[in-house]
Amino acid sequence: MSGLPASVKIKEVGPRDGLQAEAAILSTEDKLRLIGCLAGAGLREIEASSFVSPRAIPALADAAEVFANLDRRPGAVYSAVVPNEKGARRAVEAEADEIQVFLAASEGYNRSNVRMSVEESLEQAARVAKVAREADVPFVAVLSVAFGCPYEGAVAPERVLDLCGRLKELGAREITLGDTTGMAYPTQVRGLSRAYGERYPDVPLRLHFHNTRGMGLANVLAALEAGVDRFDASVGGLGGSPYAPGATGNICTEDLVHMLHEMGVETGVDLEALIGCARLLEEFLGHELPGKVMKAGICGHLTAAP
Ligand code: COA
Ligand code: ZN
């Protein structure tokens, strides 16, 4: 009736996208406690770490150790992010449940992030797909700065859709469009989501928003209305990117879950347990997180009148 999907799949990206942007590096043990808490709150897809150069992202240098010590819950998918073949081999070795290759929609951003041209990244993506296929691990792809690039400005929707076509040809089971630096706005999101759905109806679309300019949840609503039912989010709103000027966190998982539940959209997530995870993470980091619901409380939970 509402025109919204009945349920939404949320991938928790705090342990990877979030933690890579923190000044403090969490111990492997704390990362494992955080991931355990998130899985316990009902999150079924967790981006546990990335297999990138430890010099590029020192905060995730312990990716193999994280995967080796996961308390794997049945039904949960612990995903690994990789930029190249070497990363894919490390992810297979670590028994990641899903391999996500990432590249950017703009040349400038791709070069600054992974020191390759977009064409070179696509070549690596083909190798990643092959490694994943041979190991029988699901392969998905992430295209970052799909809604605008901080270095090059607007990114043409046609270019984004063509790159999605290349990733589909490589066998990506799902494609994520990333709004890495929070430039997406709702009408743009609606347009690109619809165009994607028309062109690639057989490859599910996931969206990855950052709340850099406060448009994150508005973008989610626009996407829901265009039929998208898969989103990334990070607990507490943790996140950003060390490569993105002025970057802030992903949309906040509890705030997203709260909004969806208020609208009658199911997530399978226990909101109170998830707020507990955000509090635990604040303790680990020693600073406040930007999440709103963890401070204001859940709408339906009334407070005593004065
Ligand atoms: N995992 C671990 N080490 C890797 C690696 C991977 N996936 N890929 C390359 N390396 C190592 C190489 O073995 C080499 O090590 P050595 O110097 O000890 O021999 C070193 O990194 C440089 O390799 P090279 O292929 O020349 O890479 P580069 O210096 O051009 O960097 C990337 C390219 C992709 C490896 C690097 O830029 C990177 O890891 N970027 C990721 C950034 C990121 O995660 N951003 C956030 C995600 S949105
Ligand atoms: Zn991101």
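Let's start at ligand 1, which has 19 residues around it in this predicted model. Ser53, Arg55, Lys86, Arg90 and Asn113 are the closest of them. Sort the shell by class and you get nine nonpolar residues, five polar ones and five charged ones.

Now for the polar contacts, taking the backbone first. Val52 has a polar backbone atom 3.1 Å from a nitrogen atom of ligand 1. Gly87 does something along those lines too, with a backbone N or O atom 3.2 Å from a nitrogen atom of the ligand. Over at Arg115, it's the side chain that matters: one of its N or O atoms sits 3.0 Å from an oxygen atom of ligand 1. On its own, ligand 1 has 930 Å² of accessible area, and the protein covers 68% of that.

Which elements give two or more residues to the shell around ligand 1? They are α4, spanning 85–93, and α5, spanning 107–114. Of the elements, α4 gives the most, with three residues.

Rolling a probe the size of a water molecule over the atoms is how you see where empty space is left.

Methods: Residues are numbered from 1 along each chain as its sequence is written. Chains are lettered from A and ligands numbered from 1 in the order in which they are written. This is a predicted model: local features need pLDDT of at least 70, side-chain atom pairs count only at pLDDT 80 or more; totals for chains, interfaces and linings use all residues. Side-chain values use heavy atoms; hydrogens and water are left out. A residue is near a molecule or strand if one of its heavy atoms lies within 4 Å of it. A polar contact is a pair of N or O atoms within 3.5 Å; within protein, one must be able to donate a hydrogen and the other to accept it, and residues adjacent in sequence count only if both atoms are side-chain atoms. Accessible areas come from the Shrake-Rupley method with a 1.4 Å probe; for residues, only the protein chains shown count as cover. Helices (H or I, at least four residues) and strands (E, at least two) are DSSP runs, numbered from the N terminus. Ala, Val, Leu, Ile, Met, Phe, Trp, Tyr, Cys and Pro count as nonpolar, Asp, Glu, Lys and Arg as charged, and the others, Gly among them, as polar.
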